[in-house]
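Look at the sequence and structure first.

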Amino acid sequence: MKKNQQKNRLTVRAGGYSLILCVIVVAIVVVLNVLLSLLPSNIAAPDFSAMQLYDFTEQTEEMVKELDDDITVYFWTADDGGNSIIIQEFLDRVSALSSNLKVKTVYPDRDPAFIYNYVEEGEEPPTNSLVFVSDKRFKIVNYTDMFTWSDSAYQTMYTMIYQYGYSAEEVMASIPYDVFSAENAFVNAIDYVTTEKLPVVYMLRGHGETDLDTVVSKYTTDANYSLVKMEEGNSLLALEAVPQDANCVIINSPSSDLTEDEYNKLMAYFERGGSIILFTDIRFDAAACPNFAKLCEAFGLQAVPGVVLETGANYMQLPFNIIANKVAHEITDPLISAGSYVFTPMGHGITKIDSYRSSLEFSTLLETSNGAYSKIITEGQSLDSYDKAEGDVDGPFMMGVLVEEAVGADATGRFFWYSASPMLTDTYASVSDGALNLFLNTLAYGSERVDTITVRTITMSNSRLEISSAAALAWTVVLVILVPILLIVAGFVIWFIRRMRK
């Protein structure tokens with residue numbers, strides 16, 4: 001009897017200890033959860049996903065941590081699911097980097113009048129958009145600026161529309177966004193609402209220049225550049241000089257020559273620390289445009305006659321659709337890291353002249369392979385053969401180059417020359433964003449805004465695991481045949497040993 005009572009007391013005591021231990025463990029878990037909920041998302045929940053949606057670049061982290069202005073980001077959202085979760089998590093994590101950055105969620109059904117503080121009635125942005133507000137100005141980042149399509153998705157759209165006759169609306173509705181570019185949009189918006197003076201880019205006119213295509217123009221203005229056309233009363237001929245507020249002057253594919261007066265004004269602009277960006281292609285005729293040729297020679301450069309053709313695997317489909325080699329530089333380094341292609345179609349070569357000022361510093365940005373050559377096409381002749389012929393000039397050639405010169409105690413003049421202007425058309429921008437990012441990086445470097453050099457976008461689609469048919473057969477044998485046989489054998493051995501013990 002006493003033994004039973006003692007046994008019962010031990011059982012109760014053990015049960016009591018277990019209950020107390022469970023209470024302590026539960027209490028510890030609750031306290032840990034409370035403490036973790038108080039921590040920023042980037043610490044409490046590190047991003048271990050394969051896509052690394054919230055793995056910010058060093059540039060973004062430095063920009064946010066060094067914020068001096070108070071900025072409020074309003075998240076204009078109507079739902080709590082889908083991509084809104086990704087945006088909210090992104091905002092939570094990036095706002096944890098600075099006490100000057102506040103995030104507030106605004107629901108249209110609860111506060112419909114809020115958005116009219118920033119837009120006219122009837123111009124509401126789509127839900128899941130952001131409104132950045134500082135004491136200087138505000139900027140709206142649309143949902144479609146944060147979620148876009150990849151190159152492969154655009155190519156699928158192109159095929160569906162132009163080969164199978166689907167409408168653009170049907171195609172866009174059926175293909176999901178697969179690129180998360182919120183970090184790009186975020187950096188541009190922060191830059192816009194905090195910058196004291198927004199950069200101004202002047203587009204030279206009066207010489208048959210080409211406008212920037214829709215996509216390139218949109219991304220340029222999204223990157224906070226103000227584009228001003230130098231035409232009519234604002235032409236370079238009408239002005240006494242290039243305006244003082246010009247960060248860069250772009251000359252895009254001219255077909256006629258500069259006047260002597262315009263040449264002198266451009267050189268004076270360079271000599272006060274200005275940046276000139278010239279785009280040409282195979283239509284550029286140095287003999288017919290002596291002042292443009294003189295402008296290039298002033299920076300130690302000249303055009304190689306003819307169209308550059310590539311060999312081997314250095315082109316896409318046709319030898320003049322060149323995949324340029326990117327040379328390491330602050331402008332090109334992000335593209336090299338991302339593995340972005342830069343197509344330089346219908347371009348001519350660039351080489352140095354025999355004699356130039358020793359103060360000029362050259363940086364090759366794009367170049368051909370050693371196997372490239374320039375095919376001479378005489379007037380009235382078409383490119384009917386890609387075979388190398390007598391008189392064709394051997395490469396390699398520069399296709400993009402930067403020339404810098406110190407022009408005072410603390411100023412540097414810059415001259416950029418890209419010799420394949422079709423690279424900036426929407427056609428090539430939709431095939432690869434390499435040339436577009438190169439252009440934006442060129443503007444940033446020329447405007448001395450190196451903190452806005454391109455940051456990456458993130459492909460949201462999961463990459464597939466590719467295995468060969470031989471490997472697939474081997475894994476089938478292992479998983480379907482060998483593993484089940486081993487399990488059966490192991491089970492039989494265990495059964496047999498237990499039976500023998502009995």
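**Salt bridges**

This is a predicted model. It holds 15 salt bridges. Side chains of opposite charge can pair when their charged atoms come close.

| Pair | N to O distance |
|---|---|
| E89 and R93 | 2.7 Å |
| E404 and R414 | 3.0 Å |
| R414 and E448 | 3.3 Å |

Start with E89 and R93, whose side chains meet in a salt bridge. Both residues sit in helix α4 (residues 83-95). They are 4 residues apart, so about one helical turn separates them. R93 is buried, at a relative accessible area of 6%.

Next comes R414, which forms a salt bridge with E404. E404 belongs to strand β20 (residues 398-406), and R414 to strand β21 (residues 412-418). The pair therefore ties together parts that are 10 residues apart in sequence. Both E404 and R414 are buried.

R414 also meets the side chain of E448 in a salt bridge. E448 lies in the loop between α14 (434-446) and β22 (458-459), while R414 is in strand β21. This pair therefore ties together parts that are 34 residues apart in sequence. R414 has a relative accessible area of 9% and is buried. E448 counts as exposed, at 55% relative accessibility.

**A negative patch**

Which residues form a negative surface patch? They are E58, E62, E66 and D68. D68 is placed in the loop between α3 (58-65) and β1 (71-76). D68 counts as exposed because its relative accessibility is 70%, and the cut-off is over 50%.

**Cysteines**

C289 is buried, with a relative accessible area of 5%. C296 is buried too, with a value of 1%.

**A buried loop residue**

T368 is in the loop between β17 (361-367) and β18 (373-375). Is T368 buried or exposed? T368 is buried, with a relative accessible area of 3%. T368 and N325 lie 43 residues apart in sequence, but their C-alpha atoms are 5.9 Å apart in space.

Note on methods
Residues are numbered from 1 along each chain as its sequence is written. This is a predicted model: local features need pLDDT of at least 70, side-chain atom pairs count only at pLDDT 80 or more; totals for chains, interfaces and linings use all residues. Side-chain values use heavy atoms; hydrogens and water are left out. Buried means under 20% relative accessible area, exposed over 50%, partly exposed in between (1.4 Å probe, protein chains only). Patches are made of residues with over 30% relative accessible area and no salt bridge: like charges are joined within 9 Å, nonpolar side chains (Val, Leu, Ile, Met, Phe, Trp, Tyr) within 5 Å. Accessible areas come from the Shrake-Rupley method with a 1.4 Å probe; for residues, only the protein chains shown count as cover. A salt bridge is a side-chain nitrogen of Lys or Arg within 4 Å of a carboxyl oxygen of Asp or Glu. Lys and Arg count as positive and Asp and Glu as negative; His and the chain ends are not counted. The place of a charge is taken as NZ of Lys, CZ of Arg, CG of Asp or CD of Glu. Helices (H or I, at least four residues) and strands (E, at least two) are DSSP runs, numbered from the N terminus.
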